Amino acid sequence: MDADIDHIIAWAAGGRTNLKDLRPLCPPDHVRRHTTRIRYRPRPDGTTQVLTPTGYTSDEPPPF
């Protein structure tokens with residue numbers, strides 16, 4: 001499985017390149033994050049919540 005490393009706070013907006021500000025996103029989700037209004041919010045457990053402009057909010061991480 002491939003993953004892109006994404007800054008939670010964009011590097012251009014002052015985000016730091018450290019473990020607290022980085023997360024893996026699959027390549028398609030990384031593109032969506034930068035080209036659509038879909039948002040990816042970090043959860044306290046280290047997973048990522050997906051929020052869409054249509055009101056969809058993911059409730060739990062996908063099963064492994």
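This report describes the overall fold and the charged side chains of a predicted model.

## Basis of the model

In this predicted model, local features need pLDDT of at least 70 and side-chain atom pairs count only at pLDDT 80 or more, while totals for chains, interfaces and linings use all residues. Residues are numbered from 1 along each chain as its sequence is written, and side-chain values use heavy atoms, with hydrogens and water left out.

## Overall architecture

The chain contains 1 helix and 4 strands, where helices (H or I, at least four residues) and strands (E, at least two) are DSSP runs numbered from the N terminus. Read from the N terminus, the order of the elements is β-β-α-β-β. The radius of gyration is 12 Å, close to the 11 Å that the globule rule gives for 64 residues, so the chain is as compact as a globular protein of that length. This radius is taken over C-alpha atoms, and the rule is 2.2 Å times the number of residues to the power 0.38. Along the principal axes, the C-alpha atoms fill a box of roughly 30 × 25 × 25 Å.

Of the 64 residues, 22% are buried; buried denotes under 20% relative accessible area, exposed over 50%, and partly exposed in between (1.4 Å probe, protein chains only). The chain exposes about 5,200 Å², of which carbon and sulfur atoms supply 60%; accessible areas come from the Shrake-Rupley method with a 1.4 Å probe, and for residues only the protein chains shown count as cover. Contacts (heavy atoms within 4.5 Å) between residues at least 6 apart in sequence include 15% that join residues at least 24 apart.

Arg 23 and Asp 6 form one with an N to O distance of 3.1 Å. This pair links distant parts of the chain, with Arg 23 in strand β2 (residues 22–25) and Asp 6 in strand β1 (residues 4–7), 17 residues apart. Arg 33 also forms a salt bridge with Asp 6, the closest N and O atoms being 2.7 Å apart. Because Arg 33 lies in helix α1 (residues 27–35) and Asp 6 in strand β1, the pair ties together parts that are 27 residues apart in sequence.

Both Arg 23 and Asp 6 are buried, the relative accessible area of Asp 6 being 2%. Arg 33 counts as buried at 15% relative accessibility. Beyond its neighbours within four places in sequence, Asp 6 is in contact with several residues, including Leu 22, Leu 25, His 30 and His 34.

## The pair within helix α1

Asp 29 and Arg 32 form a salt bridge whose closest N and O atoms are 2.7 Å apart. Being 3 residues apart in helix α1, Asp 29 and Arg 32 are separated by about one helical turn. Asp 29 is partly exposed at 22% relative accessible area, and Arg 32 is partly exposed at 35%. Salt bridges with shared partners join Asp 6, Arg 23 and Arg 33 into one network.

## Arg 43, buried without a salt bridge

Arg 43 occupies the loop between β3 (39–42) and β4 (48–51). Arg 43 is buried yet has no salt bridge, and the nearest side chain of opposite charge, Asp 45, is 5.4 Å away. A polar atom of the Arg 43 side chain lies 3.5 Å from the backbone oxygen of Thr 48.

Technical notes. Lys, Arg positive; Asp, Glu negative; His and termini not counted. Salt bridge = Lys/Arg side-chain N within 4 Å of Asp/Glu carboxyl O. Polar contact = N/O pair within 3.5 Å; in protein donor to acceptor, adjacent residues only side chain to side chain.
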